[in-house]
Amino acid sequence: MASRKQITAALSEAPLFSRCTKRALGTIARHAEVAEFESGIELVTQGGPGDAFFVLLDGSCDVERNGTVADTLGPG
């Protein structure tokens with residue numbers, strides 16, 4: 001399981017959080033949930049409602065648009 005320090009470090013590398021202070025990142029990390037997913041699990045669906053924000057700590061994730069892999073994301 002990732003520590004709050006590891007989560008804070010990962011958040012600091014995400015462009016969305018790049019202007020956050022260390023204190024703000026710590027607050028966000030404190031409220032974050034860490035989850036592990038099996039390979040092949042669909043996290044979100046194109047056109048579906050969004051209810052979460054994901055920051056990869058480890059591994060990779062394919063982004064599909066219209067059924068075609070458009071990008072592969074890694075940690076951060």
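**View 1. Ala 52 and Phe 53 sit in the loop between H2 and S1.** Ala 52 belongs to this loop, and helices (H or I, at least four residues) and strands (E, at least two) are DSSP runs, numbered from the N terminus. This is a predicted model, where local features need pLDDT of at least 70 and side-chain atom pairs count only at pLDDT 80 or more, while totals for chains, interfaces and linings use all residues. Residues are numbered from 1 along each chain as its sequence is written, and side-chain values use heavy atoms, with hydrogens and water left out. Phe 53 has a relative accessible area of 52%, so Phe 53 counts as exposed. Phe 53 and Arg 19 are 34 residues apart along the chain, and their C-alpha atoms are separated by 17 Å.

**View 2. Phe 37 takes part in a nonpolar surface patch.** Look for Phe 37 in the loop between H2 and S1. Phe 37 counts as partly exposed because its relative accessibility is 46%. Phe 37, Ile 41, Leu 43, Val 44 and Phe 54 make a patch of about 460 Å². Patch residues have over 30% relative accessible area and no salt bridge, and nonpolar side chains (Val, Leu, Ile, Met, Phe, Trp, Tyr) are joined within 5 Å, like charges within 9 Å. A salt bridge is a side-chain nitrogen of Lys or Arg within 4 Å of a carboxyl oxygen of Asp or Glu. The accessible areas come from the Shrake-Rupley method with a 1.4 Å probe.

**View 3. The largest pocket has a volume of about 1,600 Å³.** Which residues are closest to its centre? Of the 44 lining residues, these are Phe 37, Leu 43, Phe 54, Leu 56 and Cys 61. Helix H1 (4-13), strand S1 (61-65) and strand S2 (68-73) are the elements that give two or more residues to the lining, and S1 gives the most, with 4 residues. By class, the lining has 25 nonpolar, 12 polar and 7 charged residues. Here a pocket is an open set of points on a 1 Å grid over the protein atoms alone, where a 1.4 Å probe fits, with protein on both sides within 12 Å along at least five of seven lines; lining residues have an atom within 4 Å of a point.

**View 4. Asn 66 lies in the loop between S1 and S2.** Phi of Asn 66 is near 55°, a positive value in a residue other than glycine. Most residues other than glycine have a negative phi. Asn 66 counts as exposed because its relative accessibility is 67%.

**View 5. Arg 23 is found in helix H2 (residues 22-31).** With a relative accessible area of 73%, Arg 23 is exposed. How many residues apart in sequence are Arg 23 and Thr 8? They are 15 residues apart in sequence and 9.6 Å apart in space, C-alpha to C-alpha.

**View 6. Stepping back, the protein has 2 helices and 2 strands.** From the N terminus on, the elements run α-α-β-β. The C-alpha atoms fill a box of roughly 40 × 25 × 20 Å, taken along the principal axes. Of the 76 residues, 13% count as buried.

Technical notes
Buried means under 20% relative accessible area, exposed over 50%, partly exposed in between (1.4 Å probe, protein chains only). Grid points are joined across faces, edges and corners, and a volume is the space filled by probe spheres set on the points. Ala, Val, Leu, Ile, Met, Phe, Trp, Tyr, Cys and Pro count as nonpolar, Asp, Glu, Lys and Arg as charged, and the others, Gly among them, as polar.
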